[in-house]
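Please keep the sequence and the model in view while reading the numbered points.

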Amino acid sequence: IKETSLAIIALEYTGKNTDNEQDYLLSKKRSAGLEWYLEIDSNEETQCEVSGTTVSIGEDKKINSVSSNSCFSKAFGNYWLRIADNCLNKNITVSCNKGFLSTLVYKKSGSNTWHITSDIQAASASGKTQHKINSYCLSTTTTCDYEGTLWAALALQKVDNSIPEFLP
């Protein structure tokens, strides 16, 4: 991944066509191997609809109940919803009967470091927020090549290819 990325940068500098090299890199796109969570925060007890799932949030901000669903389960002391891996590429729509905020939180599997995305959205009662997880890496194996992905993001950006899915 890194070597192909460096080749793209060099070839682009000399004015050569890099379409084949770009196609090669993009064919190595993999899920980033992150654990994703949805945080919903309200100053009051509220009932929410999260992509077809009913979620009850108490005054203490804890999730009291989640209707049966394969996409979401209570997590992190019942303050967040864990998003199942098979639901990562789906749009997540949140609507609550009281004003609320929602955002995505993630961490690398096995890590204790949490990251909150900059996509924090607010809505009034019955309003909606929408989130979509779009996070990938590149690799020639089953695990992410993080250094290679960074080089590839630079190379693809240099040739005007869209790269937001490879940036944290």
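1. The model is a predicted one, and in it Lys-74 is partly exposed, since its relative accessible area is 38%. Leaving aside residues up to four places away in sequence, Lys-74 touches Ile-63, Asn-64, Val-66, Trp-80 and Leu-81. One of these, Ile-63, is eleven residues from Lys-74 in sequence, and the two C-alpha atoms are 6.9 Å apart in space.

2. How many disulfides does a search of the whole structure find? The search finds three. A disulfide is a covalent bond between the sulfur atoms of two cysteines. When the bonded cysteines of the protein are numbered in sequence order, they pair as 1-4, 2-3 and 5-6. The next three points take the disulfides one at a time.

3. Cys-48 is bonded to Cys-96, with 2.0 Å between the sulfur atoms. The torsion about their S-S bond is about 105°, and the disulfide is therefore right-handed. This pair links distant parts of the chain, for Cys-48 is in strand 3 (residues 46-50) and Cys-96 in strand 8 (residues 91-96), 48 residues apart. Both Cys-48 and Cys-96 are buried.

4. Cys-71 is joined to Cys-87 by a disulfide, the S to S distance being 1.9 Å. The value about the S-S bond is -80°, and the link of Cys-71 and Cys-87 is left-handed. Distant parts of the chain are linked here too: Cys-71 lies in the loop between strand 5 (63-66) and strand 6 (72-75), whereas Cys-87 lies in the loop between strand 7 (80-83) and strand 8, and the two are 16 residues apart. Are these cysteines buried or exposed? Cys-71 has a relative accessible area of 12%, so it is buried. Cys-87 has a relative accessible area of 3%, so it is buried as well.

5. The remaining disulfide is formed by Cys-137 and Cys-144, whose sulfur atoms are 2.0 Å apart. The link of Cys-137 and Cys-144 is left-handed, with -75° about the S-S bond. Cys-137 is buried, as is Cys-144.

6. The packing of the helices comes next. Two packed helices are described by the angle between their axes and the distance between the axes. For helix 1 (residues 2-13) and helix 3 (residues 146-158), the angle is about 20° and the axes are 8 Å apart. Helix 1 is therefore roughly parallel to helix 3. Their crossing is left-handed. On the side of helix 1, the residues that meet helix 3 are Lys-2, Ser-5, Leu-6, Ile-8, Ile-9 and Glu-12. Their counterparts in helix 3 are Glu-147, Gly-148, Trp-151, Ala-152, Leu-154, Ala-155 and Lys-158. Seven residues of this contact are nonpolar, two are polar and four are charged.

7. Helix 1 also packs with helix 2 (residues 19-26), at an angle of about 155° and with the axes 10 Å apart. How do these two helices run, roughly parallel or roughly antiparallel to each other? Given that angle, helix 1 and helix 2 are roughly antiparallel. The crossing of helix 1 and helix 2 is left-handed. Thr-4, Ser-5, Ile-8 and Leu-11 are the residues of helix 1 in this contact, and they meet Glu-21, Gln-22, Tyr-24 and Leu-25 of helix 2. By class, the contact of helix 1 with helix 2 holds four nonpolar residues, three polar and one charged. Ser-5 and Ile-8 are listed both in the contact with helix 3 and in the contact with helix 2.

8. Two residues deserve a check of their backbone angles. Most residues other than glycine have a negative phi. Asn-78, although not a glycine, has a positive phi of about 70°. Asn-78 is located in the loop between strand 6 and strand 7, and its relative accessible area of 30% makes it partly exposed. Ser-126 likewise has a positive phi, near 70°, and is a residue other than glycine. Ser-126 is found in the loop between strand 11 (121-123) and strand 12 (128-132). With a relative accessible area of 58%, Ser-126 is exposed.

Technical notes:
Residues numbered from 1 in each chain as written. Predicted model: local features only at pLDDT ≥ 70, side-chain atom pairs only at ≥ 80, totals over all residues. Heavy atoms only, no water. Axes fitted to C-alpha atoms, helices over the stretch in contact; angles between N-to-C directions. Helix = DSSP H or I, 4+ residues; strand = E, 2+ residues; numbered from the N terminus. Parallel < 35°, antiparallel > 145°, perpendicular 65-115°, else oblique. Left-handed = near helix turned anticlockwise from the far one by under 90°. Contact = heavy atoms within 4.5 Å. Nonpolar A, V, L, I, M, F, W, Y, C, P; charged D, E, K, R; others polar. Disulfide = S-S within 2.5 Å. Buried < 20%, exposed > 50% of the residue type's maximum accessible area, 1.4 Å probe, protein only.
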